Amino acid sequence: MFYHLHLRSRLLQTLIVALIGLTFYAYYRTTVYDVRQFSLPRNTNHSVYQEGLPHVHTNLSADLRPTGTARNSSLDNVALSQFTAHNVNNLSTLITTLSTSSSSSSAASMSISSKQSNEKQPAVLPVRITVSNATRSSPIVVRSDSARAIYEAGHTVPIPERCPNLGKDMDLVVIVMSAPTHLDARTAIRQTWGHFGQRSDMSVLFMLGTTSDRKIETILRKEQYMYNDMIRGRFLDSYSNLTLKTISTLEWVDSYCSKVKYLLKTDDDMFINVPRLLAFVNKHAKDRNVIFGRLARKWKPIRNRKSKYYVSQAQFQQSVFPDFTTGPAYLLSSDTLRRLYDAALDHTYLKLEDVFMTGIVAHKLGIRRSHANEFLNKRIQYTACNIQRGISIHMVKYSEQFDLWKKLLDGKSKCK
């Protein structure tokens, strides 16, 4: 009897141990093995996270468009659309990790943890990067405060035919900054000093941006058909975007007129003494790495937020601007254009285009700014001698262009 009870007890113990074993096995299958299978990544196309980074390349000349107007908004192998709203803040982390780990192939395999996604990341706009598997070149990071972050490269109306053979046989191209609504000012220039643009050794063109006014766009299309002398950049035409207009001008000359000797950047409220300007260009034909104009020295940034010319500490920290040539008219040797264009895109954006381009950026590049007395860049008395002696006169109304044109060419006044 006791033997049977003992045997039954041992069978019971064995059964209990077996049940416990089965329980542990079921737990292992459920929580460790099966769950791990479901936790494996389903999309293996995100090669940027895998070891052995593929070659990813985009054309950086087609600049960044944070508003989604990029001509090519995806990387070759990694689309920006793959970065969901949950992962937007991780983009800056990805770029930083790529740049610091480019020398190590093992570090190319990375993951972004939930802890990282919850941390505050620096504000970085969606950017295009160049990563080469063969060279391990560091990616280009675009700061959100740079001109590149808001500038859209290219021109909707480029008119390259206005600079034949890239300007090889031309001494000068004059590009006039003009607003879309300033038809009268452009017409007055065409009928006066802009008439010199018919010469084979120079061109006179206008630079305009875009406008949302359909009626004005209709007028501009007719004007373009009539004269074919307006370049249209990919920026909204406004005072705050004057620097973008100048950058677009530099890009156009570098793209379509790079062999010209000089570029005169000027405004549509200017009278330009073209014969004297051409004589000045011929005199300085061999000069390089220079910007001629009316030099402004020791100007201080205005810190009053209510001012039209307000400059914040974040935009420019120093108490005095580098010397710059004032914006109504300045003359650039063609060898400076590409360097100014490239450097301007990667610098902190400033809407004061003359301070920014001929001061801050030119100073950084070591480009000489030279004062020339002929660049008046201000309103003067309209005497025949004053007009004949100067190159550029500012604040000229379109109705006054004809009077100045007559006094320049009538031949009655002899000025020493």
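## Helices across the sheet

Helix H7 (residues 274-283) lies across S2, S3, S5, strand S7 (290-296) and S8, and runs at about 130° to S2. The model described here is predicted. Helix H6 (residues 242-256) lies across S1, strand S2 (172-177), S3, S4, strand S5 (262-267) and strand S8 (324-333). The direction of H6 is at about 155° to S2.

## The open sheet

Eight strands form an open sheet with mixed pairing, in the order S1-S4-S3-S2-S5-S8-S7-S9. Strand S1 (155-157) and strand S9 (368-371) stand at the edges; each has a single partner strand, so one side of each is left without a neighbour in the sheet. From one strand to the next, the twist averages 30°.

Within this sheet, strand S3 (residues 202-210) pairs with strand S4 (residues 230-236) in the parallel sense, over four bridges. Phe206 has Met230, in S4, as its bridge partner.

## The disulfide

The structure holds one disulfide, which joins Cys163 to Cys257 with an S to S distance of 1.9 Å. The link of Cys163 and Cys257 is right-handed, with 70° about the S-S bond. Cys163 lies in the loop between S1 and S2, and Cys257 in the loop between H6 and S5, so the pair ties together parts that are 94 residues apart in sequence.

Are these cysteines buried or exposed? Residues under 20% relative accessible area count as buried. Cys163 is therefore buried, at 3% relative accessibility, and Cys257 is buried with a relative accessible area of 0%.

Conventions:
Residues are numbered from 1 along each chain as its sequence is written. This is a predicted model: local features need pLDDT of at least 70, side-chain atom pairs count only at pLDDT 80 or more; totals for chains, interfaces and linings use all residues. Side-chain values use heavy atoms; hydrogens and water are left out. Two strands pair if DSSP finds at least two bridges between them. Helices (H or I, at least four residues) and strands (E, at least two) are DSSP runs, numbered from the N terminus. Axes are lines fitted to C-alpha atoms, for helices over the stretch in contact, and angles run from 0 to 180 degrees between N-to-C directions. Contact means heavy atoms within 4.5 Å. A disulfide is a pair of cysteine sulfur atoms within 2.5 Å. Buried means under 20% relative accessible area, exposed over 50%, partly exposed in between (1.4 Å probe, protein chains only).
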